[in-house]
Amino acid sequence: MKVIFPGSFDPVTKGHLNVIYRAANLFDTVVVGVLINQEKPALFTTQEKIEMIEELMYDYSNVTVKLFSGLLVDFVREEKADAVVRGIRNEEDFLYERQLSLLNHSLYPEMEEIFLFTDKNYSYVSSSFAREVASYGGDVSGMVTENVARRLQEKFR
Ligand code: PNS
């Protein structure tokens, strides 16, 4: 089974990694889909986002990282993926994912989704929290890996 794990990954967090690694153990192929979103200004360039994810995937030969722009449903069709994987941290995520799912199903009714509850250690983790804490020089080691923390520090130096 081939699945897509889509997101903005600005930057990739330990919460994302937890879902990617679990998906890699469950499914034959995982495509991490990095959204190129021209509307939303990002801290990291698309190239940096990809590098950060790829350097954490050495042990997972069934994970590839790809860019996509436009609609997720079109990317899923192009990739001929069987399903989309999304992580859920809390009730807020659940409500958001439900809306996203309804919208995506209105565009592509056959699309399947698989939701994984994020590990409890990462339920407070988000890319935006990591960016904010790093911008004030705080410790982000609970939220992101060492390499990503270093890159965050460099951005705010
Ligand atoms: O990093 P995020 O915010 O969890 O990722 C959200 C993402 C990328 C899955 C969502 O914004 C998305 O699918 N965007 C692509 C454009 C699209 O399909 N829009 C319609 C649904 S919002």
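What radius of gyration does the protein chain have, and what would a compact globule with 157 residues have? The chain has 15 Å, which agrees with the value near 15 Å for such a globule. This radius is taken over C-alpha atoms, and the globule rule is 2.2 Å times the number of residues to the power 0.38.

Before selecting anything, note that this is a predicted model: local features need pLDDT of at least 70, side-chain atom pairs count only at pLDDT 80 or more, and totals for chains, interfaces and linings use all residues. Residues are numbered from 1 along each chain as its sequence is written, and side-chain values use heavy atoms, with hydrogens and water left out.

**Whole chain.** Show the C-alpha atoms: along the principal axes they fill a box of roughly 45 × 35 × 30 Å. Switch to a cartoon to find six helices and five strands. Helices (H or I, at least four residues) and strands (E, at least two) are DSSP runs, numbered from the N terminus. Along the sequence the pattern reads β-α-β-α-β-α-β-α-β-α-α.

**Loop between β1 and α1.** Select F9, which lies in this loop. Its phi is near 50°, a positive value in a residue other than glycine. Next select P11, in the loop between β1 (2–7) and α1 (14–26). A cis peptide bond, with omega about 5°, joins D10 and P11. For comparison, most residues other than glycine have a negative phi, and most peptide bonds are trans.

**Ligand.** The shell consists of G7, S8, L35, F68, G70, L71, L72, R86, L100, L103 and N104. Six of the shell residues are nonpolar, four polar and one charged. Here Ala, Val, Leu, Ile, Met, Phe, Trp, Tyr, Cys and Pro count as nonpolar, Asp, Glu, Lys and Arg as charged, and the others, Gly among them, as polar. Colour helix α4 (residues 91–107): it gives the largest share of the shell, three residues.

**Polar contacts.** Look for pairs of N or O atoms within 3.5 Å.

- S8: a backbone N or O atom lies 2.8 Å from a ligand oxygen.
- L72: a polar backbone atom is 2.8 Å from an oxygen atom of the ligand.
- R86: a side-chain N or O atom is 2.9 Å from a ligand oxygen.

Finally, show the surface. The protein covers 74% of the 530 Å² of accessible area (Shrake-Rupley method, 1.4 Å probe) that the ligand has on its own.

Key
A residue is near a molecule or strand if one of its heavy atoms lies within 4 Å of it. A polar contact is a pair of N or O atoms within 3.5 Å; within protein, one must be able to donate a hydrogen and the other to accept it, and residues adjacent in sequence count only if both atoms are side-chain atoms.
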